[in-house]
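Here is a short report on one protein model. Look at the structure first, then read on.

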Amino acid sequence: MTRVSLGFSKLRHRFALLPALSLLVFPVAVCHADALSPTVIVADPSGKTLYVAASTAGSVLVVDSATGSVTGTIPLPRNPSGMTLSADGKTLYVTGEAPDGRLFVIDLATKQTLHALPAGHTPMSPTLGPRGETLFLCERFADKVAMIDLTQRRIQAEIPVKRQPIACGLTPDGNLLFVANHLPAGAADQDVVAAEVELIDTAAKKVIASIPLPNGSSSLRGLCLSPDGRYVYVTHLLSRYTMPPTQLERGWMNTNAVSIIDVARRAWLTTVLLDDLARGAANPWAIACTADGNTLCLTHAGTHEVSIINRLGLHMKIDQVIRHEYAPDPAMTPANIPNTLVFLGSLRTRRALRIQGPRGAVIAGSILYVTGYFSDNLETIDLTSPGFTGGGVTALGAPAAPSTVRRGERLFNDAGLCFQQWQSCASCHPDGRADGLNWDLTNDGLGNPKNTRSLLLSHRTSPVMTLAVRETAEMAVRSGFQFIQFAQCSEDDAQAIDEYLKALAPVESPHRRQGRLSDAAVRGEKLFADADCTACHSGQSSTDQNSYDVGTAAGMDESKPMDTPTLVELWRTAPYLHDGRAPTMFDVLKTCNPNDRHGRTTGLTTQQLRDLEAYLLSQ
Ligand code: HEC
Ligand code: HEC
């Protein structure tokens with residue numbers, strides 16, 4: 001029996017040698033040697049000093065808000081993924097992104113790291129409790145929220161949540177923590193597929209409510225509360241995945257939205273679209289509210305804009321619609337709001353930015369600061385200026401020509417390369433992976449929706465698409481522009497996107513411990529060969545690149561052979577099988593394989609199936 005390599009033997013070896021508190025930066029994302037990639041930004045209480053996470057440069061930049069100049073750099077042994085400041089502005093808490101993530105506690109007087117506390121897999125969105133003794137953070141790839149006791153400097157509780165918690169926010173009294181899950185959990189062939197916001201009771205240390213967003217809600221990114229703690233705002237995509245993606249007009253495929261949650265009722269209030277009738281506002285990301293509660297600001301990472309929203313006016317309008325008292329349009333009902341492109345109307349100003357890829361925002365006084373992920377700079381907007389035109393741009397580093405990979409990443413995330421800017425490639429492939437939804441792409445006929453595939457290893461595993469309708473990933477990239485984005489993409493740009501996708505590196509599975517397989521997974525590795533899985537899932541990328549009917553094809557695809565997918569990063573790409581019918585790996589092996597057409601699993605005991613599952617989820 002040959003041992004199968006899923007391409008991790010090198011990694012396993014490397015991680016095994018690492019001491020627990022290594023100073024190495026892990027390859028969690030595409031690495032950009034020269035780029036800063038500013039994301040999260042925070043302001044000290046005086047508003048005079050800003051701290052900017054340089055998310056691919058392993059540092060936090062200290063910026064003088066008056067001049068925009070970088071006055072210092074705080075180097076870190078991990079890439080910073082989130083930040084928050086103590087109420088007195090003296091201590092900075094930074095999450096360091098890695099499979100063994102850290103919470104760095106930094107004394108701002110000396111710029112020294114006082115403590116580096118374990119913080120789970122890919123920690124994000126650190127949030128301080130009201131007394132500053134407790135800190136909450138999202139362990140994105142461990143599907144947990146950690147509660148860290150800052151006095152004892154240890155994780156006090158880890159609370160399981162649905163899927164990829166990416167942002168959280170606390171009510172002012174510290175009692176309730178709202179958590180945005182990045183992706184929907186569960187099967188994708190159901191009537192409703194939507195990511196949820198979960199609510200944690202911080203005293204009981206458990207989830208007390210799950211608040212589903214409207215059908216098609218995915219790619220949640222930002223979350224904030226109103227200063228009075230009455231409402232939660234979450235940015236996300238509202239995907240019209242049930243429609244055949246044959247056009248883009250009026251948000252036919254993807255719309256871009258902010259959902260509002262009523263804290264007292266612990267329930268969804270409504271979802272408001274951010275797009276205009278003939279111009280999408282793709283990839284909403286960071287969101288912040290002014291201290292007076294009057295204005296809500298959010299960034300559009302795909303269109304390089306900010307939306308500045310009259311928050312009180314918006315709530316007044318929503319209330320009127322709920323009470324059926326909205327005079328200008330008596331036909332408007334609460335159920336219509338998430339489908340109405342012009343609902344915001346004059347309550348919102350869309351302001352173009354000069355920076356590229358705005359992914360971080362903070363408001364200090366009446367100034368909005370926004371970071372340019374792809375342009376390594378910072379834009380300020382004076383919220384008191386007429387039409388919000390006042391402001392400027394300052395560089396955070398020396399301008400460098402972007403590498404081809406970097407340019408490709410920018411183009412992949414840019415809705416400028418889409419008819420009317422409705423979506424970027426990243427709208428369905430967030431972080432180059434998958435949105436968890438089924439789309440009925442036209443390339444293999446209509447009436448047979450397919451779960452979005454991750455693009456990791458796509459260029460190494462031709463042919464591509466479930467029915468292998470494209471010979472290579474290169475061809476899929478170009479046809480993606482033609483048939484999904486309805487836009488022209490130059491060959492030069494398409495090649496840059498190819499290079500970006502080829503550079504995607506697998507993230508270490510949260511099911512591993514210091515890079516190693518668990519005992520269960522070691523047992524599962526043997527079963528993987530015994531159950532005949534290696535007949536098709538073979539080689540470096542765990543696919544022989546051939547197509548088979550493994551008994552999963554149904555409906556329009558009845559008995560059609562399907563492309564053997566890679567198994568690398570399976571832990572991240574649920575739901576499984578071409579139509580996302582299998583919410584868990586256990587379902588792939590048991591429920592969806594009754595006749596042993598997909599490997600030999602019917603003879604396995606539940607324990608053996610669990611072991612095999614553990615192995616697969618460790619890839
Ligand atoms: C509306 C959602 C959507 C958008 C937007 C989108 N894709 Fe996809 N993509 C999909 C789905 C769904 C699949 C899987 C289809 C299948 O399996 O038949 C896919 C598959 C792919 C694949 C093949 C993956 C493999 O290995 O089989 C590539 C490459 C790809 N997309 C690239 C792109 C690029 C580049 C863009 C931007 C131009 C893009 N996609 C935009 C939904 C989308
Ligand atoms: C005859 C070739 C073949 C064999 C043998 C085989 N597979 Fe597969 N595998 C496939 C094909 C084809 C698909 C795609 C099926 C679909 O999408 O409906 C697939 C899909 C999968 C998936 C879902 C991946 C995803 O991203 O959705 C997993 C997991 C998987 N196989 C694991 C296994 C395991 C474990 C075994 C052994 C018990 C096994 N396979 C045996 C061909 C094979």
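## A loop and its iron site

Thr 601 sits in the loop between H8 and H9. Helices (H or I, at least four residues) and strands (E, at least two) are DSSP runs, numbered from the N terminus. The model is predicted: local features need pLDDT of at least 70, side-chain atom pairs count only at pLDDT 80 or more, and totals for chains, interfaces and linings use all residues. Residues are numbered from 1 along each chain as its sequence is written, chains are lettered from A and ligands numbered from 1 in the order in which they are written, and side-chain values use heavy atoms, with hydrogens and water left out.

Is Thr 601 buried or exposed? Thr 601 is buried, because its relative accessible area is 4%. Buried means under 20% relative accessible area, exposed means over 50%, and partly exposed lies in between (1.4 Å probe, protein chains only). Leaving aside neighbours within four places in sequence, Thr 601 is in contact with Leu 589, Asn 593, Asp 596 and Leu 609. Contact means heavy atoms within 4.5 Å.

Which residues are the protein donors of the iron atom of ligand 2? They are His 537 (NE2) and His 598 (NE2), 2.0 to 2.1 Å from the iron. His 537 lies in the loop between helix H7 (519-530) and strand S32 (547-548), and His 598 in the loop between helix H8 (585-589) and helix H9 (606-616), so the pair ties together parts that are 61 residues apart in sequence. Donors are N, O and S atoms within 2.8 Å of the metal (3.2 Å for Na, K and Ca); water is not among the atoms, so sites may look incomplete.

The iron atom of ligand 2 has six donor atoms around it, and their angles of 87 to 180° make the arrangement octahedral. Six donors count as octahedral if opposite donors are over 155 degrees apart and all others between 65 and 115. His 537 counts as buried, because its relative accessibility is 10%. His 598 counts as partly exposed, at 23%.

The iron atom of ligand 1 has a single donor from the protein: His 429 (NE2), 2.1 Å away. His 429 lies in the loop between helix H4 (425-428) and strand S30 (438-439).

## Sheets

One open sheet has four strands in the order S22-S23-S24-S25, with antiparallel pairing. Strand S22 (284-289) and strand S25 (348-352) stand at the edges with a single partner strand each, so one side of each has no neighbour in the sheet. On average, neighbouring strands of this sheet are turned by 20° against each other, direction ignored. Two strands pair if DSSP finds at least two bridges between them.

S22 is mostly covered, with six of its six residues buried. S22 and S23 form a hairpin with five residues between the strands, where Gly 293 takes a positive phi near 80°. Leu 298 in S23 is the bridge partner of Ile 287. In S24, the bridge partner of Leu 298 is Ser 307. Helix H2 (residues 311-322) lies across S22, S23 and S24, and runs at about 65° to S24. Axes are lines fitted to C-alpha atoms, for helices over the stretch in contact, and angles run from 0 to 180 degrees between N-to-C directions.

Another open sheet of four strands has the order S13-S14-S15-S16, again with antiparallel pairing. Its edge strands are strand S13 (165-170) and strand S16 (206-212), each pairing on one side only. Neighbouring strands here are turned by 25° against each other on average, direction ignored. Ala 180 stands opposite Val 197 in S15.

S7 and S8 form a hairpin with four residues between them, and Lys 111 in the turn has a positive phi of about 60°. Phe 104 has Ala 116 in S8 as its bridge partner.

Some antiparallel pairs compare like this:

| Strand | Partner strand | Bridges |
|---|---|---|
| S23 (residues 295-300) | S24 (residues 305-310) | six bridges |
| S7 (residues 102-107) | S8 (residues 112-118) | six bridges |
| S14 (residues 176-181) | S15 (residues 196-201) | five bridges |
| S22 | S23 | four bridges |

## Cysteines

How many disulfides does a search of the whole structure find? The search finds zero. A disulfide is counted as a pair of cysteine sulfur atoms within 2.5 Å. The sulfur of Cys 168 is 3.9 Å from the closest cysteine sulfur, in Cys 138, which is too far for a bond. Cys 138 counts as buried, at 0% relative accessibility. Cys 168 counts as buried too, at 6%.

Technical notes:
Four donors count as tetrahedral if all angles lie between 85 and 135 degrees; four count as square planar and six as octahedral if opposite donors are over 155 degrees apart and all others between 65 and 115; anything else is irregular.
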